[in-house]
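Please look over the structure below. The questions after it ask what lies behind some of the labels given to its parts.

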Amino acid sequence: MTWRGWTTIILVLVFVAGPYSFAANAPLKSGAQRRVASTPINDFRFIDEYGAPFAFESLSGRVVVVAFVYTSCPDVCPLITASLRQVQVGLGAEERQKVHLLTVTTDPEIDQPKVLLAYGKRYGADFANWSFLTGEPTALKKVWQNFGVGVKRKGRGLVDHTPLTAIVDQKKLLRFGYVGPSPDPKAVLSDIRALLSERLSAPAH
Amino acid sequence: MRIGFWPLLVFFMFLVGCGRNERMDTVYAERCLSCHGPGGRGDGALAGMLPVAPPDFRETVQRKSNSQIRRVITEGRGLMPAFEPALRPAEITDMLQMVRFLSREGRDVAWWERFDALVVAHCSIPWETVLGYDDPPETEENK
């Protein structure tokens with residue numbers, strides 16, 4: 001190949017691949033892709049790992065990290081939940097008052113409260129600001145759709161679903177989504193802190 | 001009355017079928033393959049992403065009893081999910097047997113295969129129920 005050919009290839013790489021490298025949606029080393037969004041999240045009511053009613057509206061004013069997994073998932077869910085645990089550990093005492101983690105099941109058939117409780121304990125979850133939610137399939141379906149999560153049951157305890165970890169801001173807008181296994185805890189914490197500081201700098205009404 | 005080894009073996013083969021079957025392959029492919037790999041050597045597609053490498057069954061399973069393996073399958077360990085209540089007891093037994101078979105890969109297979117039927121027979125006995133420490137059978141109420 002002539003020097004002109006090589007020059008053309010290099011220019012194409014610089015001008016085509018270059019912008020993708022710096023785009024907001026560039027894949028992270030973790031294996032999860034970060035997406036920026038602005039989707040309103042509707043209120044929902046489920047039951048938590050203790051079988052107690054849980055209302056999303058009760059988290060108003062907090063940043064909420066929502067992960068969609070199921071407990072018998074042999075695929076990426078364990079990696080997502082392990083990352084979420086690292087996020088929880090990485091939050092300071094004051095931040096824990098302003099941030100809540102939610103694990104929403106994609107398999108309500110199996111994931112009853114006692115199963116979710118055992119699952120949370122296995123990952124060392126602090127249930128003070130981390131809830132594991134299940135509910136009626138029809139109600140769950142609305143929430144999955146609201147977050148853009150596709151769910152397809154393949155068999156008992158076997159579900160195909162979008163591996164989403166989402167960050168919802170204090171005004172219930174979905175702002176960031178991580179699609180894939182192992183969302184980078186540092187990146188998630190960075191996004192959380194950006195949203196917390198947004199609130200501090202927001203003009204008073 | 002003395003019963004020879006081979007008639008006993010044939011009896012067990014007749015009783016429980018013989019060796020690795022499609023059910024075992026299916027449950028393994030659906031639930032284990034992504035981390036443990038096709039031969040149970042801990043080289044599945046997701047293994048590289050795990051903080052701790054999945055074990056090579058040839059190194060670990062041989063030292064464990066069926067009850068110990070069953071407990072890992074039902075309760076989970078580390079990032080491995082708990083497969084109870086998602087899997088039925090029969091499926092858990094299939095998974096257990098598959099893990100046993102894979103643990104013998106690369107060994108003196110011909111020698112071990114003489115005992116496949118006995119191993120399958122042993123694994124097919126619900127020891128937890130026989131020994132009295134199994135959960136009560138599933139009903140509509142506790143499903």
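Q: Which residue in strand 8 of chain A stands opposite Lys152(A)?
A: In this predicted model, Lys152(A) faces Asp160(A) of strand 8 of chain A.

Q: What makes strand 7 and strand 8 of chain A a pair?
A: Two strands pair if at least two bridges are found between them. Strand 7 (residues 151-155) and strand 8 (residues 158-161) of chain A have four bridges, in the antiparallel sense, so they pair by that rule.

Q: Which residue in the hairpin of strand 7 and strand 8 of chain A takes a positive phi?
A: Gly157(A) does, with a phi near 70°. The hairpin has two residues between the strands.

Q: Why is Cys32(B) called buried?
A: Buried means under 20% relative accessible area. Cys32(B) has 6%, so it is buried.

Q: What makes Cys35(B) buried or exposed?
A: The relative accessible area of Cys35(B) is 15%. The cut-off for buried is under 20%, so Cys35(B) counts as buried.

Q: How many of the residues in chain A are buried, as a percentage?
A: Of the 205 residues in chain A, 51% are buried. Chain A has six helices and ten strands.

Definitions and conventions: Residues are numbered from 1 along each chain as its sequence is written. Chains are lettered from A and ligands numbered from 1 in the order in which they are written. This is a predicted model: local features need pLDDT of at least 70, side-chain atom pairs count only at pLDDT 80 or more; totals for chains, interfaces and linings use all residues. Side-chain values use heavy atoms; hydrogens and water are left out. Buried means under 20% relative accessible area, exposed over 50%, partly exposed in between (1.4 Å probe, protein chains only).
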